[in-house]
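The sequence and structure come first.

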Amino acid sequence: METTVVLLKPDCIEKNLSGEVIKRFEALGLRIRGCKMLSATDALLKEHYSHLADKPFFPEIVSFMQSTPIIALALEGANSIVTVRDNLGPTDSAAAPKGTIRGDFGTDKMRNIAHASDSPEAATAEVARFFQDSELF
């Protein structure tokens with residue numbers, strides 16, 4: 001069993017799709033270990049997107065991610081990282097096939113409904129970044 005992080009982004013919140021996205025993950029047999037709504041601070045986003053922090057478009061990411069609260073999920077299941085990413089579809093929603101979350105609901109590379117951990121190492125770091133031990137069940 002592994003735990004992965006999913007962040008429901010502002011476009012997901014604005015479109016009232018949080019329940020639908022969570023329902024899709026639960027239908028895959030994934031169990032919610034943690035769930036919370038939060039406002040992303042500059043420091044949190046700089047840490048989370050450290051690989052993009054020096055890019056000219058980083059301020060646009062920050063602005064987007066702070067436009068509404070986000071929902072952080074810690075999801076557990078066998079092969080949860082691959083399962084979540086396969087069901088989200090490619091990062092670019094325009095290239096995501098129908099039937100995937102991004103293909104059904106996303107718009108582009110940034111407005112793509114959700115972020116998901118891309119490796120076991122990233123998942124471990126992201127669980128620690130978004131959840132305290134007392135917030136995981």
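Predicted model: local features only at pLDDT ≥ 70, side-chain atom pairs only at ≥ 80, totals over all residues.

## Ser 117 and its surroundings

Leaving aside residues up to four places away in sequence, Ser 117 touches Thr 4, Val 5, Ile 81, Arg 85, Ala 122, Ala 123 and Glu 126. Ser 117 is found in the loop between β4 and α7, and it is buried, with a relative accessible area of 0%. The C-alpha atom of Ser 117 is separated by 12 Å from that of Asn 79, a residue 38 places away along the chain.

## Helix α7

## Nonpolar cores

Phe 130 is also, with Tyr 49 and Met 65, one of the residues with the most contacts inside the largest nonpolar core, which has 21 residues. The elements that give two or more residues to this core are β1, α3, α4 (58-65), β3 and α7, and the largest share, five residues, comes from α4. Apart from it lies another core, of 19 residues, among them Val 6, Cys 12, Phe 25 and Val 84.

## Helix α2

Phe 25, a member of that other core, is one of the buried residues of helix α2 (residues 18-27), the others being Ser 18, Val 21 and Ile 22. Viewed along the axis of α2, these buried residues fall within an arc of 95°, so they line one face of the helix. They pack against β1, α1 (10-14), β2, β3, α5 and α6 (101-105), whereas the face turned away from the buried side carries the exposed residues Lys 23 and Ala 27. α2 is followed by Gly 29, whose phi is positive, near 90°.

## The largest pocket

About 500 Å³ of space lies in the largest pocket, which is lined by 22 residues, with Lys 9, Tyr 49, His 51, Leu 52 and Thr 91 lying nearest its centre. The elements that give two or more residues to the lining are α4, β4 and α7, and α4 gives the most, with four residues. By residue type, the lining divides into ten nonpolar, five polar and seven charged residues.

## Two loop residues with positive phi

Most residues other than glycine have a negative phi. Asn 79, in the loop between β3 and α5, has a positive phi, near 55°, and Ile 113, in the loop between α6 and β4, has a positive phi near 75°. Is each of these residues buried or exposed? Asn 79 is exposed, with a relative accessible area of 54%, while Ile 113, at 0% relative accessibility, counts as buried.

Conventions. Residues numbered from 1 in each chain as written. Heavy atoms only, no water. Core = buried A, V, L, I, M, F, W, Y, C linked by side-chain atoms within 4.5 Å. Buried < 20%, exposed > 50% of the residue type's maximum accessible area, 1.4 Å probe, protein only. 1 Å grid on protein atoms, 1.4 Å probe; cavity = no way out; pocket = protein on both sides within 12 Å on 5 of 7 lines; lining within 4 Å. Points joined across faces, edges and corners; volume = space filled by probe spheres on them. Nonpolar A, V, L, I, M, F, W, Y, C, P; charged D, E, K, R; others polar. Contact = heavy atoms within 4.5 Å. Arc of directions from axis to C-beta.
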